[in-house]
Amino acid sequence: MRALSSHAAVIALGFAALGVAALKLLGGTDWTSLALFAAALIVTELVEDADRIRTREPSDFGSFRVTSALQIAAAIVIGPWSAALLAGASAFGVRRLRDRSLGTVSFEAASMTLATLAGGYAFLVAGGHTGRIELLRDLGPVVAAALVYLTIRTTLLQVVAAR
């Protein structure tokens, strides 16, 4: 019963974040960057998901995937809320195409949404600026974003899901 409630909490938080992100997009955003990141995330999700199906590995989630790098990059370039919307929507759409259960797909999409949102805000809190990056000056904020993203993602997908 406890595992079900933790899954439901993650799904509720993730979809609440998706709703807020969608509302924030109505205020205006760079649609070109948004479309390019959306296309890249969808293609990467399709390729990585197909790759995982072919290899039949027992673990669904490695420590780092190309999709993870794109989600972090999107958070840096277009901001945490827009990136979280793209991360959750692309994960949900592509994984649902593979005939996986709605509950599993919802949990994974919500996890990606929350990890991307947290990583994006870690970048900002550490001193980064959305849409602009300088290699040496922003090294700390980029590392902070990656660490927070991977910690949240790993905690949700491997610890909470295992329960």
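Helix axes are lines fitted to C-alpha atoms, over the stretch in contact, and angles run from 0 to 180 degrees between N-to-C directions. Helices (H or I, at least four residues) and strands (E, at least two) are DSSP runs, numbered from the N terminus.

The model is predicted, so local features need pLDDT of at least 70 and side-chain atom pairs count only at pLDDT 80 or more, while totals for chains, interfaces and linings use all residues. Residues are numbered from 1 along each chain as its sequence is written, and side-chain values use heavy atoms, with hydrogens and water left out.

The protein has six helices and zero strands. Along the sequence, the pattern is α-α-α-α-α-α. Of its 163 residues, 42% count as buried (under 20% relative accessible area; exposed is over 50%, partly exposed lies in between; 1.4 Å probe, protein chains only). Contact means heavy atoms within 4.5 Å. Among contacts between residues at least 6 apart in sequence, 74% join residues at least 24 apart.

Helix α3 (residues 66-78) packs against helix α4 (residues 80-97) at an angle of about 145°. Their axes lie 7 Å apart. The crossing is right-handed, a term for a near helix turned clockwise from the far one by less than a right angle (anticlockwise is left-handed). From α3, the contact uses Gln71, Ala74, Ala75 and Ile78. From α4, Pro80, Ser82, Ala83, Leu86 and Ala87 take part. By class, this contact has seven nonpolar, two polar and no charged residues. Here Ala, Val, Leu, Ile, Met, Phe, Trp, Tyr, Cys and Pro count as nonpolar, Asp, Glu, Lys and Arg as charged, and the others, Gly among them, as polar.

Helix α4 has 18 residues, of which 13 are buried. From its first C-alpha to its last, α4 reaches 26 Å. This is close to the expected 26 Å, taken as 1.5 Å times one less than the number of residues.

A nonpolar core is a set of buried Ala, Val, Leu, Ile, Met, Phe, Trp, Tyr and Cys residues joined through side-chain atoms within 4.5 Å. The largest such core has 34 residues. Val10, Ile78, Leu86 and Met112 have the most contacts inside it. Helices α1 (2-25), α2 (31-55), α3, α4, α5 (102-125) and α6 (139-162) each give two or more residues. The largest share, eight residues, comes from α5. Beyond its neighbours within four places in sequence, Ile78 contacts Ser33, Leu34, Phe37, Ala83, Leu86 and Thr130.

Val143 is found in helix α6. Val143 counts as partly exposed because its relative accessibility is 41%.
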